Amino acid sequence: MTSPTALICETQAWKDLKGHVEDINKTHLRDLMSDAHRCESMMLEFEGLLLDYSRQRATVETMDKLLNLAKAAQLSEKISRMFNGEHINSTENRSVLHVALRAPKYAVIKADGKNVVPEVWNVLDKIEDFSEKIRSGSWVGATGKPLKDVIAIGIGGSFLGPLFVHTALQTDPEAAECAKGRQLRFLANIDPVDVARNISGLNPETTLVVVVSKTFTTAETMLNARTLRNWITTALGAPAVAKHMVAVSTNLALVEKFGIDPNNAFAFWDWVGGRYSVCSAVGVLPLSLQYGFSVVEKFLKGASSIDKHFQSTPFEKNIPVLLGLLSVWNVSFLGYPARAILPYSQALEKFAPHIQQVSMESNGKGVSIDGLPLLFETGEIDFGEPGTNGQHSFYQLIHQGRVIPCDFIGTVKSQQPVYLEGEVVSNHDELMSNFFAQPDALAYGKTPEQLQKENVSENLIPHKTFSGNRPSLSLLLPELSAYNVGQLLAIYEHRVAVQGFVWGINSFDQWGVELGKVLATQVRKQLHSSRTQGAAPEGFNYSTTTLLKRYLETSPEPKM
């Protein structure tokens, strides 16, 4: 057990794993994969979802040692503390209760002694009622036209999560049917190009804007909100704002001051971190406007099913726990700094960008939760691209360059199956052929001896040799329904939490995003004084001063 101020690397369990690395370095996945008993022990199933981690550089002994590490890190207690609403985000003195956002109505989940589930469902019921009014046409815009187009304004966690779910559902047959005749767009970047792209082809008369900002002060979001407010009022007049703009916020005073009816503000809570907020009004409101609440509720139920699995399943059969422990093994013991997220599903093209934030903002820390400098690496560099696109992009490096553990995600059924007469296999089978082949190619590689038997020229043998022994895991979903999308989200959310709990860091704050924003404020003031008073840049280093001068000299003078 670790004392409150000890680092996990000081425990015997950590030291045992450090010593065990030498044993693993004597093995090769070619040999490990020939042990059927080992492979069978590294597969598990939950509700038709199959996880296979047999291609990790790990033995049964490794897994035992990782479970011992979980015990030393008090992982079970930390998970319980999260579900019990204790203030595990100690630097901000907050509970961490995104699991309450998808809890069933009868559940009891407390924050500061109060059951928060009824509040969650009050907001969900309000979203269901409002989204139905918009979708049915009983709520119309300023000129009496139905609002069939929605632009959701938000950044970071107010954008990446909802965009991932929206992109995943767009081609799901049930969701697509519910979304007929409707559009949902996301405006995040402060770059005016993003505004131009979002309003292109849209009519203010038929557009509803959802402004997502907890405090209603987020600089990028509020400037974009003012820009779209101007777009609406220029076309329809100032009173139209109340009909065409709604908010996801807790600051009702600023919402009203902006011109939005506070009755059309949808709440969320301090115990919801931005990157964990897709199951709150942040994601549920825009997604319900597009697909209807009944589809989104299935997504919430999928996430909730994994919450229960995570909370109650023994660790040796617990999907998020095993994935989290394996990530700790890869990062802190085997020294692999990155992870590739490779969904063999175009519908999951926005999954890796969302997990980039969930993982890297959560676990990109340099000190323990008690403020002690860490003596080991934490966090991964997450990136990814749908297969087979990624194969024609960066798989060269994965196969013959740096070792990067890979997550392969596939589905048994396609959302949009195509069977062409005369083809050997269906389009989905062609895709999945690669899903099954790539992990083995990474694990086994190809030896010089095999190449010689194939009569490959001697001078090409070094270039065509694959070392193999490159770890991956495979996650096979039955299909990509709203329910499965919710499950996938929750698996990765909890996996990230497990890593942080084991490392002994706070996975739920993000002080690292603050400094750049503070410095940007100074630059903003300088640009204003330079534009309005001709003031020369001052107070910056030589490099920044030079860049600012070049920018001011050559960029067009904006109309102030």
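Guide: Helix α6 (residues 117-136) gives three residues, the largest share, to the lining of the second largest cavity. Helices here are DSSP runs of H or I with at least four residues, strands are runs of E with at least two, and both are numbered from the N terminus. The model is predicted, so that local features need pLDDT of at least 70 and side-chain atom pairs pLDDT 80 or more, while totals for chains, interfaces and linings use all residues. Residues are numbered from 1 along each chain as its sequence is written, and side-chain values use heavy atoms, without hydrogens and water.

Visitor: What makes the space lined by L101 and V120, among others, a cavity?

Guide: On a 1 Å grid over the protein atoms alone, a cavity is a set of points where a 1.4 Å probe fits but cannot get out, and lining residues have an atom within 4 Å of a point. The lining here includes L101, V120, V123, L124 and W269. The space comes to about 50 Å³, a volume being the space filled by probe spheres set on the points, which are joined across faces, edges and corners.

Visitor: How many residues of each class are in that lining?

Guide: Nine are nonpolar, one is polar and none is charged. Ala, Val, Leu, Ile, Met, Phe, Trp, Tyr, Cys and Pro count as nonpolar, Asp, Glu, Lys and Arg as charged, and the others, Gly among them, as polar.

Visitor: Why is the contact between D307 and R102 called a salt bridge?

Guide: A salt bridge requires a side-chain nitrogen of Lys or Arg within 4 Å of a carboxyl oxygen of Asp or Glu. For D307 and R102 the N to O distance is 2.8 Å, so the pair meets the 4 Å rule. D307 is in helix α14 (residues 293-312) and R102 in the loop between α5 (75-83) and β3 (110-111), 205 residues apart.

Visitor: How do you know whether D307 is buried or exposed?

Guide: Buried means under 20% relative accessible area, exposed over 50% and partly exposed in between, with a 1.4 Å probe and protein chains only. D307 has 4% and is therefore buried; R102, also at 4%, counts as buried.

Visitor: What makes K298 partly exposed?

Guide: Its relative accessible area is 36%, and K298 is therefore partly exposed. K298 forms a salt bridge with E174, with the closest N and O atoms 2.6 Å apart.

Notes. On a 1 Å grid over the protein atoms alone, a cavity is a set of points where a 1.4 Å probe fits but cannot get out, and a pocket is an open set with protein on both sides within 12 Å along at least five of seven lines; lining residues have an atom within 4 Å of a point.
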